[in-house]
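Here is a short report on a single protein chain. Keep the sequence and the 3D view open as you read.

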Amino acid sequence: TTVQTCYKDVVFVLDDSTSMIDGEFCGRQEDFQRGVDFVLNVVDGMKDEIDEGYVRVGAVRFATRASEFLPLTNGYADITRALKSYKYPRKYNEATESNMHLGLDLARQTFKDGENTGHRDAFFNHNRHLHLVVLSDFNLESEAICSDDNGLTGSSPCATDHDQDTAVRVNNAINVFRSPSS
């Protein structure tokens, strides 16, 4: 039996909207940092595979806008440096929206950009596994996600009962990521 080498690209999508730290939305600064620490722990668990060149890690953040703060990278030191330097990007009282769809769109672009760099053999052999990890409180009260004509299937992701609606929000976020335009 031949064991085939599997390359992995992992993109973390981090919510840094107001609700992540604002007590009115059950958020706290230490919970935001705990999310970043979680990502660092996951990366630490992949250190050997990263060092051997089998795993690349990228990260994007979203709130009102989205931005990539770590393109797909297979240097463990570069990855941990970028993650450790990632702090809540604005003042506590600065209100934002939670536009997860922008973060997911940017994650998709990060994966696509990764087709052109690194893992060359994996790309040509179709042996590149893509992993998406979203860290969010799923407080998605933005017009783009909440509108009736957003193209999402299923129930509205903007129901008022946060706990009961989390599964629908996750499902709809996946539908946004796998939109027909991809």
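## Aromatic cluster

In this predicted model, ring pairs link Phe32, Phe69, Tyr86 and Tyr88 into a cluster. The structure holds 4 aromatic pairs. In one of them, the ring centres of Phe32 and Tyr86 are 5.7 Å apart. Their planes meet at 50°, so this pair is tilted. Phe32 sits in helix H1, and Tyr86 sits in the loop between H3 and helix H4 (100-114). The pair therefore ties together parts that are 54 residues apart in sequence. Phe32 and Tyr86 are both buried.

Phe69 and Tyr86 make another aromatic pair, and this one is stacked. The centres are 4.2 Å apart, with 10° between the planes. Here too the pair links distant parts of the chain. Phe69 belongs to strand S3 (residues 66-73), and Tyr86 to the loop between H3 and H4, 17 residues apart. Tyr86 has a relative accessible area of 6%, so Tyr86 counts as buried.

## Strand pairing

Strand S1 (residues 7-15) is mostly covered. Of its 9 residues, 8 are buried. S1 pairs with strand S4 (residues 128-135). The two strands run parallel and are joined by 8 bridges. Within this pairing, Val11 has Leu132 of S4 as its bridge partner.

S1 also pairs with strand S2 (residues 55-62). This pairing is parallel as well, over 8 bridges. Lys8 has Val55 of S2 as its bridge partner.

## Nonpolar cores

In soluble globular proteins, nonpolar side chains tend to be buried together. The largest nonpolar core in this model has 23 residues. Which residues have the most contacts inside it? They are Phe12, Val43, Ile50 and Val57. S1, H1, S2 and H3 are the elements that give two or more residues to this core. H1 gives the most, with 5 residues.

Ile50 shows what surrounds one of these residues. Leaving aside neighbours within four places in sequence, Ile50 is in contact with Val43, Val55, Val57, Asn74, Gly75, Tyr76 and Ile79. Another core lies apart from the largest one. This other core has 10 residues, among them Leu72, Ala107, Phe111 and Phe138.

## Thr80 in helix H3

Thr80 lies in helix H3 (residues 76-85). Its relative accessible area is 10%, so Thr80 is buried. Which residues does Thr80 contact, leaving aside its neighbours within four places in sequence? They are Leu40, Val43 and Asp44. Val43 is also one of the residues with the most contacts inside the largest core.

## Salt bridges

Side chains of opposite charge can pair when their charged atoms come close. The model has 8 salt bridges. Asp31 takes part in a salt bridge with Arg28, with the closest N and O atoms 2.9 Å apart. Asp31 is partly exposed at 25% relative accessible area. Arg28 is also partly exposed, at 38%. Asp31 forms a salt bridge with Arg34 too, and here the closest N and O atoms are 3.0 Å apart. Asp31 and Arg34 both lie in helix H1 (residues 29-45). They are 3 residues apart, about one turn of the helix.

Lys47 and Asp51 form a salt bridge at 2.6 Å, N to O. Why is their spacing about one helical turn? Because Asp51 and Lys47 are 4 residues apart in helix H2 (residues 47-51). Asp51 is partly exposed at 46% relative accessibility. Lys47 is partly exposed at 32%. Elsewhere, salt bridges that share partners join Arg28, Glu30, Asp31 and Arg34 into one network.

## A charge over a ring

Lys47 has a further contact to inspect. Lys47 lies over the face of Tyr76, at 4.9 Å from the ring centre. Tyr76 is also among the residues in contact with Ile50.

How values were computed: Residues numbered from 1 in each chain as written. Predicted model: local features only at pLDDT ≥ 70, side-chain atom pairs only at ≥ 80, totals over all residues. Heavy atoms only, no water. Salt bridge = Lys/Arg side-chain N within 4 Å of Asp/Glu carboxyl O. Buried < 20%, exposed > 50% of the residue type's maximum accessible area, 1.4 Å probe, protein only. Contact = heavy atoms within 4.5 Å. Phe/Tyr/Trp six-rings, centres within 6.5 Å; stacked < 30°, edge-to-face > 60°. Lys NZ or Arg CZ within 6 Å of the ring centre and 35° of its normal. Pairing = 2+ DSSP bridges. Core = buried A, V, L, I, M, F, W, Y, C linked by side-chain atoms within 4.5 Å.
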